[in-house]
Amino acid sequence: MIDVEIDNGSGFCFGVTTAIKKAEEELGKGGTLYCLGDIVHNGRECERLKQLGLVTINKEEFQELKNARVLLRAHGEPPSTYQTARENNIEIIDATCPVVLRLQQRIKQEYTNNEQKDKQIVIFGKNGHAEVLGLVGQTDGTAKVVESLKDVEALDFTKDIRLYSQTTKSLDGFREIVDYINAHIAPGASFEYYDTICRQVANRMPNIQEFAKKHDLIFFVCGKKSSNGKVLFNKCKSANKNSFLISDANDIDLDLAKQASSIGICGATSTPKWLMEECKDAITNHLK
């Protein structure tokens with residue numbers, strides 16, 4: 001019998017678990033509950049909550065909404081979202097992750113204390129990502145977002161730099177950027193950096209590599225929109241070349257599974273445990 005193991009360290013992070021629990025609680029009260037953007041970057045979980053009554057809306061739809069209940073997901077939102085809610089009599093169910101919320105407050109304080117507006121507030125993150133939009137919003141849109149060293153090269157190294165990070169980014173990538181800025185900052189300018197990466201995500205990277213090494217074959221279950229999923233999958237792939245990214249059980253190559261003696265199933269912080277269980281069942285039922 002082929003050994004099929006689910007990684008105990010995979011699955012929803014604290015912030016996502018809390019957001020989904022809040023959604024389920026609010027849906028249980030009856031009435032319409034809206035969510036601004038996908039509650040989690042996993043299509044199957046979004047579909048499950050849709051069946052329970054959760055209505056996902058975009059920014060434009062939110063602007064037109066009045067006298068309603070809206071859930072804000074774990075990624076957080078810029079101040080403008082709360083302003084719109086006040087103006088349109090929208091009840092906010094705030095499920096912003098505490099780690100993200102603290103980071104928003106730190107960046108806002110940095111921006112508020114920047115009286116001469118001469119400091120560059122820089123965020124290592126993915127342009128357009130929901131969390132990053134919320135962080136940039138704390139600075140009235142003035143923070144600079146860098147995704148790679150190429151973006152960092154465009155900074156003004158004669159001016160002070162304050163570097164923060166999206167909570168789900170790679171620690172290695174962050175350190176690489178810190179080293180580059182340290183090597184290029186002008187003598188008259190200051191550079192301070194703050195490691196604001198969530199350890200729930202960062203600690204999964206070495207753990208998931210160890211898990212991947214244990215098995216002949218890895219199926220990494222992840223939604224197509226998940227940023228941390230892409231990072232974690234690459235870590236799997238670096239540890240085990242026989243790692244495959246799948247959305248759900250339908251993507252599993254069962255013929256490939258037959259050739260393995262040991263199969264590992266893991267996923268992103270946006271991957272529900274029930275979906276990984278579903279994938280395991282599909283494999284074990286096929287191989288009976």
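Residues are numbered from 1 along each chain as its sequence is written, and side-chain values rest on heavy atoms, with hydrogens and water left out. Because the model is predicted, local features need pLDDT of at least 70 and side-chain atom pairs count only at pLDDT 80 or more, while totals for chains, interfaces and linings use all residues.

The core comes first. In soluble globular proteins, nonpolar side chains tend to be buried together. A nonpolar core is here a set of buried Ala, Val, Leu, Ile, Met, Phe, Trp, Tyr and Cys residues joined through side-chain atoms within 4.5 Å. Buried means under 20% relative accessible area, exposed over 50%, and partly exposed in between, with a 1.4 Å probe and protein chains only. The largest nonpolar core has 19 residues, and L33, I39, L54 and L71 have the most contacts inside it. Two or more residues each come from α1 (14–28), β2 (33–36) and α2 (43–51). Of the elements, α1 gives the most, with five residues. Helices (H or I, at least four residues) and strands (E, at least two) are DSSP runs, numbered from the N terminus. For I39, the residues touched are A19, I20, A23, C46, L49, L54, L71, R73 and H75, not counting residues up to four places away in sequence. Contact means heavy atoms within 4.5 Å.

Leaving aside neighbours within four places in sequence, E45 is in contact with F12, I20, V40, P272 and W274. With W274 there is also a side-chain to side-chain polar contact of 2.7 Å. A polar contact is a pair of N or O atoms within 3.5 Å; within protein, one must be able to donate a hydrogen and the other to accept it, and residues adjacent in sequence count only if both atoms are side-chain atoms. K50 also lies in α2, but K50 is exposed because its relative accessibility is 54%.

The largest pocket holds about 370 Å³ of space. Cavities and pockets are found on a 1 Å grid over the protein atoms alone: a cavity is a set of points where a 1.4 Å probe fits but cannot get out, whereas a pocket is an open set with protein on both sides within 12 Å along at least five of seven lines, and lining residues have an atom within 4 Å of a point. Grid points are joined across faces, edges and corners, and a volume is the space filled by probe spheres set on the points. The lining has 25 residues, with C13, V16, A74, T168 and T269 nearest the centre of the pocket. Elements giving two or more residues to this lining are α1, α5 (98–112), α9 (199–202) and α11 (227–239). By class, the lining divides into 12 nonpolar, 12 polar and one charged. Ala, Val, Leu, Ile, Met, Phe, Trp, Tyr, Cys and Pro count as nonpolar, Asp, Glu, Lys and Arg as charged, and the others, Gly among them, as polar.

L232 lies in helix α11 and is buried because its relative accessible area is 0%. Beyond four places in sequence, L232 is in contact with R204, M205, I208, F220, G267, A268 and T269.

S10 sits in the loop between β1 (3–6) and α1 and is buried because its relative accessibility is 4%. S10 and A268 are 258 residues apart in sequence but 6.3 Å apart in space, C-alpha to C-alpha. The side chain of S10 makes a polar contact of 2.7 Å with the side chain of D7, and a polar atom of the S10 side chain lies 3.1 Å from the backbone nitrogen of G267.

Loops also hold two residues with positive phi. N67, between α3 (59–64) and β4 (69–72), has phi near 50°. D140, between α6 (130–137) and β7 (144–146), has phi of about 55° although it is not a glycine.
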